[in-house]
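Q: I would like to learn how to read the features of a protein model one at a time. Could we work through some of them together, with the structure in view?

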Amino acid sequence: MVLGELVKLRSLEPSEAEALWRWNHDPDVMRWMHDGYGQSLAQVKKTLEEHPRNTYSDVLYGIEVLADGQLIGLVRLRDTEPELGIAELDVYLGEKEYWGRGYATDAMRTICRYGFQKMRLHKITLTVATENHAAHHIYRKVGFIEEGRLRETLRRDGKWHDMFTMGLLEGELRG
Ligand SMILES: CC(C)(COP(=O)(O)OP(=O)(O)OC[C@H]1O[C@@H](n2cnc3c(N)ncnc32)[C@H](O)[C@@H]1OP(=O)(O)O)[C@@H](O)C(=O)NCCC(=O)NCCS
């Protein structure tokens with residue numbers, strides 16, 4: 001368990017599959033995310049049951065609100081390269097009524113601190129659709145900077161969209 005100011009990050013239980021399945025089928029939540037090919041609730045349950053324990057190369061945590069104990073989203077540090085100390089970060093909040101209350105910003109700071117302090121990472125990277133303004137705003141706010149533009153990398157509503165690749169070095173985390 002990793003404690004932030006507003007949220008705690010903790011492992012997921014197979015019994016929480018329904019929430020994940022619901023979030024993955026919500027078009028507002030998935031608006032700017034790669035949505036894959038869709039999984040049944042049974043498949044999501046199986047994935048959670050069989051997900052190997054968290055390891056250095058893949059840490060997946062649920063985001064739980066400290067004030068009310070509600071699971072509201074996920075954060076993940078994955079594809080970690082030990083020789084380089086680099087990991088890729090994903091974050092999303094599936095419970096829309098919790099948007100705009102600072103939870104994602106706190107979850108970002110908490111997982112980045114964990115990555116730099118506990119995992120001794122040197123760098124954390126992520127990608128974000130250039131039009132996902134709220135996500136882009138919080139990434140910049142905690143210290144990530146754009147390192148490149150991936151042209152036409154996400155397809156939505158019959159149109160191609162660009163993405164930024166962003167990076168945060170050890171010592172650059174803000175707040
Ligand atoms: C993007 C997301 C993670 C933000 O989570 P959140 O908990 O609402 O974020 P916070 O409340 O911590 O911060 C939101 C910030 O974005 C700002 N914001 C909101 N809408 C915005 C917009 N359209 N343009 C610019 N900034 C915006 C808010 O003002 C706030 O900034 P502030 O604290 O400096 O005022 C969440 O909405 C989400 O999970 N969305 C769907 C999935 C997704 O897109 N994930 C990211 C994939 S890369």
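Q: Which residues does E131 touch, not counting residues up to four places away in sequence?
A: Before the case itself, please keep in mind that this is a predicted model. Once residues up to four places away in sequence are set aside, E131 touches W32 and H161. E131 itself lies in the loop that runs between β6 and α4.

Q: Is E131 buried, partly exposed or exposed?
A: The idea is to compare the relative accessible area with two cut-offs, since buried means under 20% and exposed means over 50%, with partly exposed in between. E131 has a relative accessibility of 31%, and therefore counts as partly exposed. As for distances, E131 and G36 are 95 residues apart in sequence, and from C-alpha to C-alpha they are 20 Å apart in space.

Q: How should I read the length of a helix, and what span does α3 have?
A: One compares the span from the first C-alpha to the last with the span expected at 1.5 Å a residue. Helix α3, which covers residues 103-117 and has 15 residues, reaches 21 Å, close to the 21 Å expected. This helix is also mostly covered, as 13 of its 15 residues are buried.

Q: Where is C112, and what is it in contact with?
A: C112 has its place in helix α3, and it counts as buried because its relative accessible area is 0%. Leaving aside neighbours within four places in sequence, C112 is in contact with L89, I124, F144, L168 and L173. For a distance along the chain and through space, take C112 and V142, which are 30 residues apart in sequence and 9.3 Å apart from C-alpha to C-alpha.

Q: How do I describe two helices that pack together, and at what angle do α3 and α4 cross?
A: Two packed helices are described by the angle between their axes and by the distance between those axes. In this model, the axes of α3 and helix α4 (residues 133-142) come within 10 Å and cross at roughly 45 degrees, and therefore the two helices are oblique to each other. The crossing in which α3 passes α4 is right-handed. On the α3 side A104, T105, M108 and R109 take part, and they meet I138, Y139, K141 and V142 in α4. Sorted by class, this contact of α3 with α4 has five nonpolar residues, one polar residue and two charged residues.

Q: At what angle do α1 and α2 pack?
A: Helix α1 (residues 17-24) and helix α2 (residues 41-50) pack at an angle of about 125 degrees, and their axes are 9 Å apart. That angle makes α1 oblique to α2, and α1 passes α2 in a right-handed crossing. The contact is made by A17, E18, L20 and W21 of α1 together with L41, V44, K45 and L48 of α2. The residues of the contact of α1 with α2 divide into six nonpolar, two charged and no polar.

Q: Which residues have a positive phi although they are not glycine?
A: R120 has a positive phi of about 55 degrees without being a glycine, and it is found in the loop between α3 and β6 (123-129). R120 counts as exposed, because its relative accessibility is 69%. D157, also not a glycine, has a positive phi of about 50 degrees, and its loop lies between β7 (145-156) and β8 (159-169). With a relative accessibility of 64%, D157 counts as exposed.

How values were computed
Residues are numbered from 1 along each chain as its sequence is written. This is a predicted model: local features need pLDDT of at least 70, side-chain atom pairs count only at pLDDT 80 or more; totals for chains, interfaces and linings use all residues. Side-chain values use heavy atoms; hydrogens and water are left out. Helices (H or I, at least four residues) and strands (E, at least two) are DSSP runs, numbered from the N terminus. The expected span of a helix is 1.5 Å times one less than its number of residues. Buried means under 20% relative accessible area, exposed over 50%, partly exposed in between (1.4 Å probe, protein chains only). Axes are lines fitted to C-alpha atoms, for helices over the stretch in contact, and angles run from 0 to 180 degrees between N-to-C directions. Angles under 35 degrees count as roughly parallel, over 145 as roughly antiparallel, 65 to 115 as roughly perpendicular and the rest as oblique. A crossing is left-handed if the near helix is turned anticlockwise from the far one by less than a right angle, and right-handed if clockwise. Contact means heavy atoms within 4.5 Å. Ala, Val, Leu, Ile, Met, Phe, Trp, Tyr, Cys and Pro count as nonpolar, Asp, Glu, Lys and Arg as charged, and the others, Gly among them, as polar.
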